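Q: I have a protein model open and would like to learn how to read it. Could we walk through some features together?

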Amino acid sequence: MGPAGSVLVVRATRPPRRALYRDGLILNRVRNGLSGESVSETPLAERIYAACTRRPVLVLFLLCLALWLPGILSLPAMDRDEARFAQASKQMVETGNLVDIRFGTVPRYKKPIGIYWLQAASTAVFGHGALNAIWTYRVPSFLGGFVAVLLTFWLVRAIGPPSVAFAAALLLALCLLLAVESIIATTDAVLLATVVAGQGVLLRAYLAARVPARAPPGLVLILIGWAAIGIGVLIKGPVTPVICLFTALLLSLWDRQWSWLSTLRPLRGLGVLLLLLLPWLIAIGIESHGAFFAQSLGHDFAGKLGTGQESHGAPPGYYLALSTITLWPATLFLIPALVSAVRNRRDPAIRFLLVWAGLVWIAAELVPTKLPHYVLPAFPALMALAALWFGAVKAPLSRAQRYLVGVAAVQFAVGMALIVAAPILAPRFYGHGPLPLWFVLAGLAGAVIGLVALLNACHRAFHPALTFTAAAAVLLYGVVTVGGAPRLDRLWVSEHAAALVAHNARPGDPPPILIGYQEPSLVFLLGTHTRLPASGDAAAAAARNGGLALVEERDRSGFLAHLSALGANAHALGQVSGLNYSRGKPVRITLYRVKPAP
């Protein structure tokens, strides 16, 4: 038996006498730690938690709705990746071309076709003919995040009882980074679901080789795991197979045992991958004359490994610095859980989770290009370690354990303070004044509930801590997405510019022309045929066809002078100003109606 407060070590050759095997490796200390034996936990909290574990799918779905739906419905189209994905998916619906990927007339070959198929399908189903509602393109992200949460429950059921599995899935659903990725129309929430599916099958195969009396996964489950890897390739290229492959290789090197890999049926698995991938790969290769492979693998993927692309370079330690926010509120448990996991790394399940999380996190820190979501595939493993730790910890805690719990509590409190402050302070700088009083009160109520969760965790009452943490996250995320973000008027330049165009448009106008400010969100709102000329050609295009022109301030004098030289003229209809957050620079845009040259 391990030291107090740690996860019990299970050796491959001689399992402890008290270890039970049912649906996987179930540790007695984990089982007892979440079965109501702790005197510090109230019977009411235990009954509520037990009721949730009996209906995990329903409870987790309702929680994900409460956490993510407000942002899906309230936030405008975000620059730049979300708007690019949504616009390319919109064009797929408009043209019916399900092979090629384009933004306007320009090929967009950075990512494979999978996410565009999903977004186009969801918009065709939910849009009812309207293609400019950004929320319809966000449905796949919501479903991907929810499936990732459910698959985390399934993954942890291989090593723990429903109470522990539910805790891991709950913590993942609450994480701020997953909330962001499940709200916006990008690839990463769906990608996470494929990673968890593939790793869940791999975990079962690994445990079957390391734990006595454990049966290997069946052929159907193994092929489902291979299919998940193939879907991951269609979503974001090699990320899912690389994570699964290197997890398997590192574990085999650690154990000096390779025979277990044969249970994964690699030949049949490769057949599944080819069946899923080859049709579209052949089609896009023909359609693009090979340009897709040159851009997606040669430029986008390899470029991110070599240099910091698109001004997203950062030194190692970037993700560790962001973890106070990205992992909130799971930070309340993670530090002591990770220390305990390292001590108990001889347990096969713990070893698997450590290799998974460490592989993703260290690789992300070493790659020059850094974006916050690059470490998201490590989160399910981290949440599983947290759930296993507080399912096994026993009172009284040692001095070292109390210190680690205190450090985790401080990190949790700092993250919560930043989340509470953001919607209250940001509108003062980027909006039109403070939040309404009831939003402020809701944010403060969320902070109070979070402090109650913190106090419960410090007293090892983890069921109440989880319950109060979930309530705090629902309140605070709602204040941020419904109360704070829509009031940041200076940031939503594209929304105001599109409204100004709609107000001044006349029947028979050609598509508007954008000069200077050509952010993807504005193209998405104005339509596929929006004209995006180079700065030198803008005046000639406007003089030839007339209509509405949105001109950024830095291009205004040159545009008007060139227009006059061509014999055309323009008069101003209105202005929009704000902050282009993609560039971090202020912007002022004037809308002109151009009368074409004779």
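Q: How many nonpolar, polar and charged residues are in the lining of the second largest pocket?
A: The general idea is that rolling a probe the size of a water molecule over the atoms shows where empty space is left. In this predicted model, the lining of the second largest pocket has twelve nonpolar, 13 polar and 13 charged residues. There are 38 lining residues, and F103, G104, T105, V106 and L532 lie nearest the centre of this pocket. Its volume is about 810 Å³.

Q: Which element gives the largest share of the lining of the second largest pocket?
A: That is α4, with six residues. Elements that each supply at least two residues include α4 (81–95), α13 (291–306) and β8 (585–595).

Q: Now for helices. At what angle do the axes of α19 and α20 cross?
A: Two packed helices are described by the angle between their axes and the distance between the axes. Here, the axes of α19 (residues 437–458) and α20 (residues 462–484) cross at roughly 160° and come within 8 Å. The angle is over 145 degrees, which means that α19 is roughly antiparallel to α20. The crossing of α19 with α20 is left-handed. Among the residues making the contact are F439, A442 and G443 of α19, together with F462, P464 and A465 of α20. By class, this contact of α19 with α20 has 18 nonpolar, six polar and no charged residues.

Q: Which residues of α10 meet α11?
A: A228, I229, G232, V233 and K236 in α10 meet V239, T240, P241 and C244 in α11. Sorted by class, the contact of α10 with α11 has six nonpolar, two polar and one charged residues. The axes of α10 (residues 219–236) and α11 (residues 239–255) come within 7 Å, crossing at roughly 135°. These two helices, α10 and α11, are therefore oblique to each other.

Q: What is the omega of the peptide bond that joins D79 and R80?
A: As background, most residues other than glycine have a negative phi, and most peptide bonds are trans. The bond joining D79 and R80 is cis, with omega about -5°. You can find R80 in the loop between α3 (56–74) and α4. The peptide bond from W328 to P329 is also cis, and its omega is near 5°. P329 sits in the loop between α14 (318–326) and α15 (331–343).

Q: And is the phi of A213 positive or negative?
A: Phi of A213 is positive, near 65°, in a residue other than glycine. Look for A213 in the loop between α9 (188–210) and α10.

Technical notes:
Residues numbered from 1 in each chain as written. Predicted model: local features only at pLDDT ≥ 70, side-chain atom pairs only at ≥ 80, totals over all residues. Heavy atoms only, no water. Axes fitted to C-alpha atoms, helices over the stretch in contact; angles between N-to-C directions. Helix = DSSP H or I, 4+ residues; strand = E, 2+ residues; numbered from the N terminus. Parallel < 35°, antiparallel > 145°, perpendicular 65-115°, else oblique. Contact = heavy atoms within 4.5 Å. Nonpolar A, V, L, I, M, F, W, Y, C, P; charged D, E, K, R; others polar. 1 Å grid on protein atoms, 1.4 Å probe; cavity = no way out; pocket = protein on both sides within 12 Å on 5 of 7 lines; lining within 4 Å. Points joined across faces, edges and corners; volume = space filled by probe spheres on them. Left-handed = near helix turned anticlockwise from the far one by under 90°.
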